[in-house]
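Biologist: I have a model open and would like to learn how to read it. Could we start with the whole chain and then take up one residue?

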Amino acid sequence: MFAHNKRLQYTVRVAGPNPGLANLMLEQFGGPQGELAAACRYFTQAIAEDDPGRKDMLFDIATEELSHLEVIGNIVVMLNKGAKGKLAEGVEEEGTLYKEITGAGNDSHITQVLYGAGAPLVNSAGVPWTSAYVDTIGEPTADLRSNIAAEARAKIVYERLINLTDDPGVKEALGFLMTREIAHQKSFEKALYSIRPNFPPGKLPGDPRFSKVYVNLSQGLGEQTGPWNDGEQWERLDGADALTPVDGGDGQASVELSDDDQAVLDQLAARTASAQDGEPLTGAEIGSADADLKAKRP
């Protein structure tokens with residue numbers, strides 16, 4: 001059951017209309033790192049979670065993300081307020097109004113004209129929101145890592161939005177939303193490391209022949225080593241060793257077929273075989289004005 005409180009979690013104070021900035025804010029409304037994607041990601045994890053503590057945390061954070069969606073949506077709408085009335089009522093000359101909503105080369109006409117200066121579920125480029133942004137896989141040790149990364153990406157987007165505006169009220173609200181990403185990241189980190197062991201994700205441990213192998217497949221000028229690819233924890237494959245099948249096999253793909261299946265495949269191969277001799281005349285050459293080229297063909 002959901003209940004809605006008409007007060008925002010954080011008070012939104014916008015100094016003045018700015019349609020271009022409103023359009024950029026949509027990145028956190030209907031974009032892949034946005035609040036709706038986060039809410040749906042954590043909600044789908046919560047309803048399937050069997051651990052009572054994680055289930056409670058995920059529901060709490062999913063619900064808070066909906067509150068953040070409301071905050072960012074209100075920022076978008078407030079920034080669009082000035083143009084909304086002018087566009088709907090046609091109180092200005094067409095050229096003047098168009099200049100206002102496309103000032104500085106922004107694409108705010110998308111939200112102004114198509115969505116009536118509202119808060120549509122699109123990103124800042126006008127791409128519609130999609131459930132493909134929700135990457136829940138149903139394994140806590142994988143989903144929690146994904147959540148940590150999602151919160152980190154969202155924080156970076158908020159940082160960039162903060163750097164784009166000098167509106168003190170908008171900066172304040174965005175700073176709050178950015179800070180909550182940090183808090184959620186901490187919660188997910190604690191939940192992940194409360195699972196022991198939590199690496200590798202899932203149940204199966206992996207094949208020990210390959211789990212400590214680092215394959216140096218980008219060789220040449222600029223190669224670097226560090227704890228991520230060298231040291232006691234790694235068996236490093238360089239040079240020709242890196243280009244050799246690691247399982248000791250011949251590196252070829254094969255399948256066992258019945259005699260009937262093989263016969264049909266041989267028939268297909270014979271029918272579609274490319275001739276190795278001669279030089280066939282192509283459609284491009286038939287249409288060519290080069291008569292000498294045509295004359296060389298049988």
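**Reading the chain and one aspartate**

Modeller: This is a predicted model. The accessible surface of the protein chain is about 18900 Å², and carbon and sulfur atoms account for 55% of that surface.

Biologist: How many helices and strands does the protein chain have?

Modeller: There are 11 helices and 2 strands. Along the sequence the pattern runs α-α-α-α-α-α-α-α-β-β-α-α-α.

Biologist: What percentage of the 298 residues is buried?

Modeller: Buried residues make up 32% of them. As for contacts with a separation of 6 or more, 68% are between residues 24 or more positions apart.

Biologist: Now the single residue. Where does Asp167 lie?

Modeller: Asp167 is in the loop between helix 7 (140–162) and helix 8 (168–193).

Biologist: Which side chain of opposite charge is nearest to Asp167, and how far away is it?

Modeller: Lys171 is the nearest, at 9.3 Å. A salt bridge requires a side-chain nitrogen of Lys or Arg within 4 Å of a carboxyl oxygen, so Asp167 has no salt bridge, although Asp167 is buried.

Biologist: Which backbone nitrogens does the side chain of Asp167 reach?

Modeller: One belongs to Ala15, whose backbone nitrogen is 2.8 Å from a polar atom of the Asp167 side chain. Another is the backbone nitrogen of Val170, at 3.2 Å.

Biologist: Leaving out residues up to four places away in sequence, which residues does Asp167 touch?

Modeller: With those left out, Asp167 touches Arg13, Val14, Ala15 and Gly16.

Definitions and conventions. Residues numbered from 1 in each chain as written. Predicted model: local features only at pLDDT ≥ 70, side-chain atom pairs only at ≥ 80, totals over all residues. Heavy atoms only, no water. Helix = DSSP H or I, 4+ residues; strand = E, 2+ residues; numbered from the N terminus. Buried < 20%, exposed > 50% of the residue type's maximum accessible area, 1.4 Å probe, protein only. Contact = heavy atoms within 4.5 Å. Areas by Shrake-Rupley, 256 points an atom, 1.4 Å probe, with all protein chains shown as cover. Lys, Arg positive; Asp, Glu negative; His and termini not counted. Polar contact = N/O pair within 3.5 Å; in protein donor to acceptor, adjacent residues only side chain to side chain.
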